[in-house]
Amino acid sequence: MAEPRVSSTAVTQKVPVVQGPETTPVTPLHQPLLHESGLRHTSGEAKYVDDFPAPTGMLIAQVVGSNVARGKIKTLDVTAARGVPGVLAVLTAKDIPGENNVGPVVHDEELLARDEVHFLGHAVALVVGETYEACRAGVAAVKLEIDAQTAITSIEQAIKENSYLCDTHLMQRGDAATALKTADIRFQGETRTGGQDHFYLETHVTLAVPEENSALKLYCSTQHPSEVQAIVAHVLHWGRHQIVVEVPRMGGGFGGKETQAANYASLAALGALKTGRPVKCWLNRDQDMLWTGKRHPFLTRWDVGFTKDGELVALDAFLYSDGGFSTDLSRAILDRALFHSDNGYFLPHVKLQGRVCKTNLPSNTAFRGFGGPQGMAVIEDIISKFCERTGLDPVEVRTKNFYGAAPRNITPFWQEVKDNRLPRIFAELLKTSDYTKRLGEVRAFNAANKNAKRGLALTPVKFGISFTTSFLNQAGALVVLYADGSLQLNHGGTEMGQGLHTKMLAICAHELGVQPDRVRVMNTATDKVPNTSATAASSGSDLNGQAVKNACETVRERLRPIAAKLLQVPAESAHEILFAGGRVFLSSRPELSLPFEKVTNEAYLAQVSMSATGFYKTPDITFDRATGKGKPFHYFAYGAAVSEVELSGLTGEHRLRRVDILHDVGSSLVPTIDRGQIEGGFIQGVGWLTCEELRFDDKGYLRTHSPDTYKIPAFGDAPLEFHVALLENAAQDNVIHGSKAVGEPPLMLALSTVAALREAVAAFGPEGREVKLDMPCTPEALLFAVEEQKK
């Protein structure tokens with residue numbers, strides 16, 4: 001097992017990971033564990049923000065949103081609303097004591113619109129009242145008149161009107177223009193990917209509670225408590241020390257609560273400041289879908305060249321994303337799309353450009369993959385179309401284009417690809433999925449059936465791990481050990497159901513050698529761990545795990561002399577003492593051991609500090625956006641999936657018959673958690689690519705704003721057979737206990753489903769015809785594609 005680097009003063013615990021005799025050390029690392037809140041989730045005992053008992057005097061806050069997508073405010077009269085029984089305050093931009101802006105990077109997003117509105121539902125006022133009924137009456141009583149202007153509601157319209165949120169970003173290597181001219185096969189095309197609603201079970205919510213001495217406690221459903229703290233401080237014109245943000249847990253996040261929780265936290269805080277009473281701001285499902293940002297839709301126009309036997313020669317692509325009305329994280333998301341436009345393939349000559357379009361829609365934001373899925377979709381779409389045109393085998397084409405030995409190991413952004421595991425993963429998955437045999441069966445089925453066709457496809461994933469904004473690659477932790485040997489663990493990551501707390505608990509228990517039930521993971525709070533980064537970019541375990549390890553090592557090394565004294569071990573042999581299984585012992589004589597709590601109690605009596613902070617920053621992360629060169633990722637995570645589908649040519653409906661996944665998680669910290677992330681990520685990706693469709697009308701109104709019109713995958717949409725395996729013997733150097741990130745990469749495995757659907761559509765027509773199919777591949781889109789293929 002590869003161990004990450006540790007400080008020279010710490011002793012790394014090398015503890016066996018399998019259960020043995022009673023005297024054999026045991027660690028919870030690399031073994032199956034229940035999710036630390038799993039039983040409470042199922043019993044209803046798990047507490048979310050809206051489950052907290054209402055504090056005495058709690059008020060409700062409701063947003064007054066614009067009724068047009070673009071225009072200038074002509075009249076905003078809140079006089080009548082303030083007179084509604086049960087309404088205590090109606091606040092507008094004039095009532096904000098600090099900065100009227102919640103833009104997380106670029107300050108281009110007003111909390112409450114002052115003069116202009118930029119999307120339908122743009123907040124112009126806040127009604128604070130005793131009940132939801134009073135607030136709704138207050139909202140209805142606000143007199144709002146807006147001079148409406150023509151709204152920009154699509155990427156194409158934004159391009160036509162030169163409406164952008166940033167300049168063009170360029171990454172290139174080689175000479176794409178010249179290489180394209182000499183390519184054996186050259187063709188052009190477009191790739192479209194749609195947006196996606198986060199559809200977390202818990203919508204946005206914050207409870208703001210005033211405290212003494214001009215302070216606020218915010219209980220908030222957010223992935224980024226430190227950013228919420230900072231933005232609320234700016235809005236109130238306070239210092240951050242006056243605000244504590246606590247996150248009990250989230251009922252899902254997926255990126256949607258990385259930046260945009262700050263909007264509703266700021267509104268709740270503003271209401272609490274003005275009334276002096278606790279205020280809750282909660283969005284119902286319709287409001288959450290109508291007003292919050294989604295995954296960015298992308299339109300990519302490309303020009304590609306191949307050799308006649310299927311090797312990529314050159315790619316020139318321009319990626320346009322729909323950022324909505326403000327910048328949010330759109331520039332970084334576009335960058336990651338560009339970073340992943342190669343997926344796992346070497347591009348000898350490449351020119352990648354991208355720009356974020358400004359539209360009059362809610363500001364789009366982070367979503368699992370953070371632009372990576374949209375970038376990967378481009379190259380996978382290109383390879384599928386090439387194979388449809390030429391009849392070459394898609395598996396062979398994909399395999400021969402993988403990154404390899406130098407000079408075929410340099411990405412378009414000039415980072416070296418090391419330890420490429422895709423060839424091994426493809427070879428193993430081809431065998432375990434019985435791909436060749438099943439491909440013959442699919443072809444036989446298609447030959448025998450007129451109105452139903454099947455498709456089988458294998459696609460890879462290469463996903464970069466780290467925040468591409470370098471300074472965000474840091475984390476902190478606080479470990480508090482008590483005299484009875486139990487402890488509380490604080491870290492900067494947030495729990496949204498993904499199992500981060502479970503992994504941190506396992507690391508903590510391993511490092512201090514205690515049983516997992518002796519560790520209590522505390523709510524994430526800014527008064528325990530300050531200046532945290534968002535739980536995002538798949539880096540939660542990598543960053544916070546190292547910080548937890550660092551803190552635990554500090555505490556353990558303080559205990560070591562105490563243990564040596566109790567065990568009567570000479571000081572020069574103290575480094576041989578192990579902490580494991582709730583006991584402390586000499587590695588050479590495990591039968592001579594002490595209960596861990598005896599050592600901690602003795603340490604308390606000896607006046608030894610038993611709390612410690614931990615810190616970690618990712619090494620060697622650099623990227624120069626101006627030149628498009630650098631090393632933005634600490635490492636790459638790899639995986640592959642085989643999808644088999646059956647498609648009805650009469651209705652456009654399809655069924656996922658079987659999915660086989662082999663995914664690289666390094667040496668898994670907690671295999672049960674990682675398997676859950678892989679399964680869930682894949683299904684969420686299938687939703688994005690096949691059934692989740694956002695439909696805005698030309699007025700900027702989202703027509704699909706509830707489950708009756710917006711379809712996420714249901715139980716029946718899961719594959720009939722679902723085989724998930726973790727790549728074995730795959731420990732990653734210089735990462736926490738040899739593990740790899742797992743949050744985002746599995747989502748992109750779902751691109752295999754699109755490739756399989758294209759194969760099924762192609763089977764309805766003659767060979768050599770390119771399939772015309774955009775994403776999401778809804779039944780309507782698939783039916784139209786089948787009809788087009790039959791022509």
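Below are my entries, grouped by topic.

**Ground rules**

I am looking at a predicted model, in which local features need pLDDT of at least 70 and side-chain atom pairs count only at pLDDT 80 or more, while totals for chains, interfaces and linings use all residues. I number residues from 1 along each chain as its sequence is written, and my side-chain values use heavy atoms, with hydrogens and water left out.

**Entry: two residues in loops**

I started with Ser 466, which I found in the loop between β16 (452-465) and β17 (474-481). Is Ser 466 buried or exposed? Ser 466 counts as buried because its relative accessibility is 3%. My scale calls a residue buried under 20% relative accessible area, exposed over 50% and partly exposed in between, using a 1.4 Å probe and protein chains only.

I then listed what Ser 466 touches, leaving out residues up to four places away in sequence: Arg 336, Asn 473, Ala 537, Thr 618, Ile 621, Pro 632, Phe 633 and His 634. Contact here means heavy atoms within 4.5 Å. With His 634 I noted a distance as well: a polar atom of the Ser 466 side chain lies 3.1 Å from the backbone nitrogen of His 634.

Next came Thr 203, in the loop between β8 (185-193) and β9 (205-211). Thr 203 has a relative accessible area of 6%, so I wrote it down as buried. Its side chain makes a polar contact of 3.2 Å with the side chain of Trp 282. A polar contact is a pair of N or O atoms within 3.5 Å; within protein, one must be able to donate a hydrogen and the other to accept it, and residues adjacent in sequence count only if both atoms are side-chain atoms. Beyond four places in sequence, the residues that Thr 203 touches include Lys 257, Leu 283 and Asp 288.

**Entry: cysteines**

How many disulfides does the structure hold? I found 0 disulfides, a disulfide being a pair of cysteine sulfur atoms within 2.5 Å. Cys 552 is buried, because its relative accessibility is 0%.

**Entry: helix pairs**

I looked at α17 (residues 671-691) and α18 (residues 751-762), which pack at about 45 degrees with their axes 8 Å apart. My axes are lines fitted to C-alpha atoms, for helices over the stretch in contact, and angles run from 0 to 180 degrees between N-to-C directions. The pair α17 and α18 is therefore oblique. Angles under 35 degrees count as roughly parallel, over 145 as roughly antiparallel, 65 to 115 as roughly perpendicular, and the rest as oblique. On the α17 side I found Phe 682, Val 686, Leu 689 and Thr 690, meeting Leu 751, Ser 752, Thr 753, Val 754 and Leu 757 in α18.

**Entry: backbone details**

Pro 407 sits in the loop between α11 (394-400) and α12 (422-432). Met 775 and Pro 776 are also joined by a cis peptide bond, with omega about 10 degrees, and Pro 776 is in the loop between α18 and α19 (779-790).

Last, I checked phi. Gln 568 is not a glycine, yet its phi is positive, at about 60 degrees. I located Gln 568 in the loop between α15 and β21 (577-580), and I call it exposed because its relative accessible area is 73%. Phe 254 has a positive phi near 60 degrees too; at 28% relative accessible area, Phe 254 is partly exposed.

Notes
Helices (H or I, at least four residues) and strands (E, at least two) are DSSP runs, numbered from the N terminus.
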